Amino acid sequence: MQRNEQVKLPQIFDPRGNLTFLQYPDQIPFVIKRVFWTYDVPGGEIRGGHAFRQQQELIIALSGSFDVVITNERGEEIRTSLNRSYHALFLPKMTWRHLENFSTNAVALHLSDTEYLKEDYIRDFEIYKELKNGK
């Protein structure tokens, strides 16, 4: 999978209600070790604002919508709106991101290839830039 690639997940259409799934290795390039979700985000709030040294992640809007904003080491931003439960966004390690613009009742599902490890987080953008530039 390429950097920050959007992934269209399979859709099974049925008059009783549709179904979408994902499985390794067809739609997700890693074995899932942790799952968490973000919800009830108050209007105007921002979640994230960090990168991971090792963790890869797939983010899906299970309900509602929100934007994932990726910032590269030069400060340039790429914004991806997630608003369909059959679209996911793949974020490889060392991707600075934050989530914003949550709609009412939005639920962001995060699938990770690592267990929670506090030391994996990079929360200072200046340190992130230095690591990305090999300093």
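Is arginine 97 buried or exposed, and at what relative accessibility? At 2% relative accessibility, arginine 97 counts as buried (buried is under 20% relative accessible area, exposed over 50%, partly exposed in between, with a 1.4 Å probe and protein chains only).

## About the model

This is a predicted model, in which local features need pLDDT of at least 70 and side-chain atom pairs count only at pLDDT 80 or more, while totals for chains, interfaces and linings use all residues. Residues are numbered from 1 along each chain as its sequence is written, and side-chain values use heavy atoms, leaving out hydrogens and water.

## Salt bridges

Let's stay with arginine 97. Its side chain meets that of glutamate 57 in a salt bridge, at 2.3 Å from N to O (the term asks for a side-chain nitrogen of Lys or Arg within 4 Å of a carboxyl oxygen of Asp or Glu). Glutamate 57 also counts as buried, at 2% relative accessibility. Because glutamate 57 lies in strand β6 (residues 57-63) and arginine 97 in strand β10 (residues 96-100), the pair ties together parts that are 40 residues apart in sequence. Strands (E, at least two residues) and helices (H or I, at least four) are DSSP runs, numbered from the N terminus.

The count comes to seven salt bridges. Among them, glutamate 76 pairs with arginine 74, with the closest N and O atoms 3.1 Å apart; glutamate 76 is partly exposed at 44%, and arginine 74 is exposed at 59%. In helix α1 (residues 125-132), glutamate 126 and lysine 129 are three residues apart, about one helical turn, and their side chains form a salt bridge of 3.3 Å. A network of salt bridges links Asp67, Arg79 and Glu100.

## An aromatic cluster

Phe52, Tyr116 and Tyr121 form one aromatic cluster. Rings of Phe, Tyr and Trp (its six-membered ring) pair if their centres lie within 6.5 Å; planes under 30 degrees apart count as stacked, over 60 as edge-to-face and the rest as tilted. Phenylalanine 52 and tyrosine 121 are edge-to-face, with centres 4.6 Å apart and planes at 70 degrees. Both phenylalanine 52 and tyrosine 121 are buried. Tyrosine 116 and tyrosine 121 make a tilted pair, 5.8 Å centre to centre with 55 degrees between the planes.

## The five-stranded sheet

Five strands form an open antiparallel sheet in the order β1-β9-β6-β11-β4 (two strands pair if DSSP finds at least two bridges between them). Its edge strands are β1 (6-8) and β4 (34-39), each pairing on one side only. β4 and strand β11 (residues 107-112) pair over six bridges, and valine 35 stands opposite leucine 111 in β11.
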